[in-house]
Amino acid sequence: MILAEAALIRTFHCCPLCKVSSEALVRNGKKVSMILLNRCVNKQTYFRLKKQVHYHVLEELTEHQSMKNIVNHCHLSVTTVQRTLSSLAFETKIRKKWLRKCLLFDEFRSLTTYHGTFCFSCMDGNTGNLFDILPSLRKKDFVAYFMHFDRKVREKARHIVTDVNAPYFSLMKECFPNAKAIVACFHIV
(Lines give C-alpha, C1' and ligand atoms only; values in the text may rest on other atoms or scores of the structure.)
Protein backbone atom coordinates (compact mmCIF):
# COMPACT_ATOMS: atom_id res chain seq x y z
CA MET A 1 0.00 0.00 0.00
CA ILE A 2 1.20 3.50 -0.85
CA LEU A 3 0.09 6.38 1.35
CA ALA A 4 0.42 10.08 0.50
CA GLU A 5 -0.43 12.67 3.16
CA ALA A 6 -1.36 16.35 3.05
CA ALA A 7 -3.22 18.99 5.06
CA LEU A 8 -5.76 21.44 3.69
CA ILE A 9 -5.38 24.55 5.83
CA ARG A 10 -6.35 28.11 5.07
CA THR A 11 -3.66 30.45 6.27
CA PHE A 12 -4.48 33.85 7.69
CA HIS A 13 -2.12 36.58 8.79
CA CYS A 14 -4.96 38.06 10.82
CA CYS A 15 -8.67 37.47 11.38
CA PRO A 16 -10.68 38.96 8.48
CA LEU A 17 -13.32 40.25 10.91
CA CYS A 18 -11.59 41.56 14.02
CA LYS A 19 -8.00 41.80 12.67
CA VAL A 20 -6.51 39.87 15.61
CA SER A 21 -3.20 38.11 14.98
CA SER A 22 -3.27 34.63 13.41
CA GLU A 23 -1.68 33.05 16.51
CA ALA A 24 -4.89 33.72 18.45
CA LEU A 25 -7.22 32.10 15.89
CA VAL A 26 -9.05 28.89 16.79
CA ARG A 27 -8.54 26.28 14.08
CA ASN A 28 -11.52 24.00 14.97
CA GLY A 29 -9.53 20.78 14.51
CA LYS A 30 -9.12 18.64 11.43
CA LYS A 31 -11.01 15.77 9.84
CA VAL A 32 -8.98 13.05 8.18
CA SER A 33 -10.25 11.68 4.86
CA MET A 34 -8.81 8.60 3.17
CA ILE A 35 -9.18 8.93 -0.59
CA LEU A 36 -8.57 5.92 -2.79
CA LEU A 37 -6.45 6.85 -5.83
CA ASN A 38 -5.56 4.89 -8.95
CA ARG A 39 -3.23 1.96 -8.46
CA CYS A 40 0.45 2.84 -8.58
CA VAL A 41 3.04 0.13 -9.22
CA ASN A 42 0.27 -2.42 -8.75
CA LYS A 43 -0.36 -1.29 -5.18
CA GLN A 44 -3.39 0.30 -3.55
CA THR A 45 -2.71 4.02 -3.29
CA TYR A 46 -4.40 6.26 -0.75
CA PHE A 47 -4.31 9.97 -0.18
CA ARG A 48 -4.77 10.90 3.48
CA LEU A 49 -6.00 14.48 3.65
CA LYS A 50 -6.35 16.39 6.90
CA LYS A 51 -9.00 19.07 6.35
CA GLN A 52 -10.18 21.89 8.50
CA VAL A 53 -13.79 20.76 8.61
CA HIS A 54 -15.50 24.07 9.18
CA TYR A 55 -13.42 25.82 6.54
CA HIS A 56 -14.37 23.19 3.95
CA VAL A 57 -18.06 23.43 4.86
CA LEU A 58 -17.92 27.23 4.70
CA GLU A 59 -16.40 27.06 1.24
CA GLU A 60 -19.22 24.77 0.13
CA LEU A 61 -21.84 27.08 1.67
CA THR A 62 -20.69 29.90 -0.60
CA GLU A 63 -21.98 27.95 -3.61
CA HIS A 64 -25.67 27.75 -4.52
CA GLN A 65 -26.34 24.07 -3.77
CA SER A 66 -28.45 21.85 -1.57
CA MET A 67 -27.51 20.75 1.93
CA LYS A 68 -27.44 17.15 0.67
CA ASN A 69 -24.75 18.03 -1.90
CA ILE A 70 -22.63 19.70 0.77
CA VAL A 71 -22.98 16.63 3.01
CA ASN A 72 -21.88 14.38 0.14
CA HIS A 73 -18.95 16.59 -0.89
CA CYS A 74 -17.63 16.99 2.67
CA HIS A 75 -18.42 13.42 3.80
CA LEU A 76 -20.07 14.78 6.94
CA SER A 77 -23.43 14.44 8.62
CA VAL A 78 -26.26 16.88 8.01
CA THR A 79 -26.06 17.87 11.67
CA THR A 80 -22.39 18.89 11.37
CA VAL A 81 -23.13 21.07 8.34
CA GLN A 82 -26.15 22.64 10.08
CA ARG A 83 -24.06 23.28 13.21
CA THR A 84 -21.42 25.04 11.11
CA LEU A 85 -24.07 27.15 9.41
CA SER A 86 -25.69 28.01 12.75
CA SER A 87 -22.34 29.06 14.19
CA LEU A 88 -22.22 31.76 11.52
CA ALA A 89 -25.62 33.15 12.41
CA PHE A 90 -24.39 35.29 15.31
CA GLU A 91 -21.39 36.63 13.38
CA THR A 92 -23.36 37.56 10.27
CA LYS A 93 -26.24 39.26 12.04
CA ILE A 94 -25.98 43.00 12.10
CA ARG A 95 -27.71 45.10 14.71
CA LYS A 96 -31.06 45.93 13.22
CA LYS A 97 -32.26 49.52 13.25
CA TRP A 98 -35.99 49.09 12.65
CA LEU A 99 -38.89 46.95 13.81
CA ARG A 100 -42.64 47.03 13.21
CA LYS A 101 -44.92 48.57 15.84
CA CYS A 102 -47.31 45.62 15.62
CA LEU A 103 -45.88 42.11 15.40
CA LEU A 104 -47.64 38.78 14.93
CA PHE A 105 -46.01 35.75 16.62
CA ASP A 106 -46.93 32.16 15.83
CA GLU A 107 -45.38 28.77 15.17
CA PHE A 108 -45.80 26.34 12.30
CA ARG A 109 -44.79 22.79 11.51
CA SER A 110 -41.77 22.65 9.22
CA LEU A 111 -39.03 20.27 8.20
CA THR A 112 -37.46 18.37 11.07
CA THR A 113 -34.07 19.79 12.04
CA TYR A 114 -31.91 19.43 15.10
CA HIS A 115 -33.96 22.33 16.56
CA GLY A 116 -37.23 20.38 16.30
CA THR A 117 -40.21 20.11 13.96
CA PHE A 118 -41.68 23.57 14.53
CA CYS A 119 -40.48 27.03 13.52
CA PHE A 120 -41.32 30.48 14.86
CA SER A 121 -42.76 33.05 12.47
CA CYS A 122 -42.87 36.78 13.01
CA MET A 123 -45.06 38.89 10.75
CA ASP A 124 -45.74 42.58 10.25
CA GLY A 125 -49.09 43.28 11.93
CA ASN A 126 -49.96 46.15 9.61
CA THR A 127 -49.37 44.48 6.25
CA GLY A 128 -49.49 40.76 7.14
CA ASN A 129 -46.13 40.27 5.40
CA LEU A 130 -43.63 37.83 6.78
CA PHE A 131 -40.93 39.57 8.81
CA ASP A 132 -38.71 36.61 9.74
CA ILE A 133 -38.64 32.88 10.57
CA LEU A 134 -36.59 31.27 13.33
CA PRO A 135 -35.88 27.52 13.23
CA SER A 136 -36.50 27.05 16.96
CA LEU A 137 -39.24 27.47 19.56
CA ARG A 138 -36.83 27.89 22.47
CA LYS A 139 -37.19 31.11 24.44
CA LYS A 140 -33.43 31.64 24.60
CA ASP A 141 -33.32 31.67 20.78
CA PHE A 142 -36.15 34.23 20.63
CA VAL A 143 -34.38 36.49 23.11
CA ALA A 144 -31.03 36.16 21.31
CA TYR A 145 -32.69 37.07 17.99
CA PHE A 146 -34.62 40.10 19.22
CA MET A 147 -31.67 41.42 21.22
CA HIS A 148 -29.99 42.10 17.86
CA PHE A 149 -32.39 45.02 17.54
CA ASP A 150 -31.42 48.27 19.23
CA ARG A 151 -33.16 48.82 22.56
CA LYS A 152 -34.83 52.03 21.33
CA VAL A 153 -36.24 50.14 18.36
CA ARG A 154 -37.63 47.36 20.58
CA GLU A 155 -39.22 49.95 22.88
CA LYS A 156 -41.21 51.31 19.90
CA ALA A 157 -43.08 48.01 19.45
CA ARG A 158 -46.60 48.62 20.79
CA HIS A 159 -48.58 45.42 20.11
CA ILE A 160 -47.71 41.72 19.96
CA VAL A 161 -50.49 39.52 18.57
CA THR A 162 -50.04 35.90 19.57
CA ASP A 163 -51.66 32.72 20.79
CA VAL A 164 -51.51 31.81 24.49
CA ASN A 165 -48.00 30.31 24.26
CA ALA A 166 -46.21 31.13 27.55
CA PRO A 167 -42.72 31.76 26.06
CA TYR A 168 -44.13 34.58 23.93
CA PHE A 169 -45.40 36.46 26.99
CA SER A 170 -42.09 35.95 28.76
CA LEU A 171 -40.28 37.15 25.64
CA MET A 172 -42.37 40.31 25.59
CA LYS A 173 -41.38 41.19 29.15
CA GLU A 174 -37.67 40.79 28.36
CA CYS A 175 -37.46 42.30 24.88
CA PHE A 176 -40.49 44.54 24.35
CA PRO A 177 -41.13 46.51 27.56
CA ASN A 178 -43.73 48.86 26.03
CA ALA A 179 -45.70 46.29 24.01
CA LYS A 180 -49.13 45.01 24.98
CA ALA A 181 -50.18 41.43 24.35
CA ILE A 182 -53.16 40.79 22.13
CA VAL A 183 -54.43 37.20 22.06
CA ALA A 184 -55.70 36.32 18.59
CA CYS A 185 -59.44 35.57 18.68
CA PHE A 186 -59.25 32.39 16.59
CA HIS A 187 -57.06 30.84 19.33
CA ILE A 188 -59.73 31.62 21.93
CA VAL A 189 -62.56 30.22 19.78
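Cys-119 lies in strand E5 of this predicted model. Helices (H or I, at least four residues) and strands (E, at least two) are DSSP runs, numbered from the N terminus. Cys-119 is buried, with a relative accessible area of 11%. Buried means under 20% relative accessible area, exposed means over 50%, and partly exposed lies in between (1.4 Å probe, protein chains only). Leaving out residues up to four places away in sequence, Cys-119 touches Asp-106, Glu-107, Phe-108, Ser-110, Ile-133, Leu-134, Pro-135 and Leu-137. A contact means heavy atoms within 4.5 Å. Leu-134 is 15 residues from Cys-119 along the chain, and their C-alpha atoms are separated by 5.8 Å.

The model is predicted: local features need pLDDT of at least 70, side-chain atom pairs count only at pLDDT 80 or more, and totals for chains, interfaces and linings use all residues. Residues are numbered from 1 along each chain as its sequence is written, and side-chain values use heavy atoms, with hydrogens and water left out.

Ser-121 also has its place in strand E5. Ser-121 counts as buried, at 10% relative accessibility. Its contacts, apart from neighbours within four places in sequence, are Leu-104, Phe-105, Asp-106, Phe-108, Leu-130 and Asp-132. Gly-128 is found in the loop between E5 and E6. This glycine is partly exposed, with a relative accessible area of 34%.

Of the 189 residues, 28% are buried. Contacts between residues at least 6 apart in sequence were also examined; 44% of them join residues at least 24 apart. The accessible surface comes to about 12,600 Å², and carbon and sulfur atoms account for 58% of it. Accessible areas come from the Shrake-Rupley method with a 1.4 Å probe; for residues, only the protein chains shown count as cover.

The largest nonpolar core has 21 residues. Phe-105, Phe-120, Phe-146 and Phe-176 have the most contacts inside this core. The elements that give two or more residues to it are strand E4 (102-113), strand E5 (116-124), strand E6 (130-134), helix H4 (139-146) and helix H6 (166-175). A nonpolar core is a set of buried Ala, Val, Leu, Ile, Met, Phe, Trp, Tyr and Cys residues joined through side-chain atoms within 4.5 Å. Another core, of 6 residues, lies apart from the largest one. Its members include Val-57, Cys-74, Leu-76 and Val-81.

Phe-146 touches Phe-105, Phe-120, Cys-122, Arg-154, Leu-171, Cys-175 and Phe-176, not counting residues up to four places away in sequence. One of these partners, Cys-175, is buried, with a relative accessible area of 0%. A search of the whole structure finds 0 disulfides. A disulfide is a pair of cysteine sulfur atoms within 2.5 Å.

The count of salt bridges comes to 5. A salt bridge is a side-chain nitrogen of Lys or Arg within 4 Å of a carboxyl oxygen of Asp or Glu. Glu-5 forms one with Arg-48, and the closest N and O atoms are 2.5 Å apart. Glu-5 lies in strand E1 (residues 2-8) and Arg-48 in strand E3 (residues 43-51), so the pair ties together parts that are 43 residues apart in sequence. Arg-48 is partly exposed, with a relative accessible area of 28%.

Glu-174 forms a salt bridge with Lys-139, with the closest N and O atoms 2.4 Å apart. This pair links distant parts of the chain, as Glu-174 is in helix H6 and Lys-139 in helix H4, 35 residues apart. Glu-174 counts as partly exposed at 37% relative accessibility. Lys-139 is partly exposed too, with a relative accessible area of 29%.

Arg-151 and Glu-155 meet through their side chains in a salt bridge (3.1 Å, N to O). The two residues are 4 apart in helix H5 (residues 151-155), so about one helical turn separates them. Glu-155 counts as partly exposed, at 25% relative accessibility.

On the surface, Met-1, Leu-3, Val-32 and Met-34 form a nonpolar patch. Together they have about 410 Å² of accessible area. Patches are made of residues with over 30% relative accessible area and no salt bridge; like charges are joined within 9 Å, and nonpolar side chains (Val, Leu, Ile, Met, Phe, Trp, Tyr) within 5 Å. Met-34 has its place in strand E2 (residues 31-40). Met-34 is partly exposed, with a relative accessible area of 48%.
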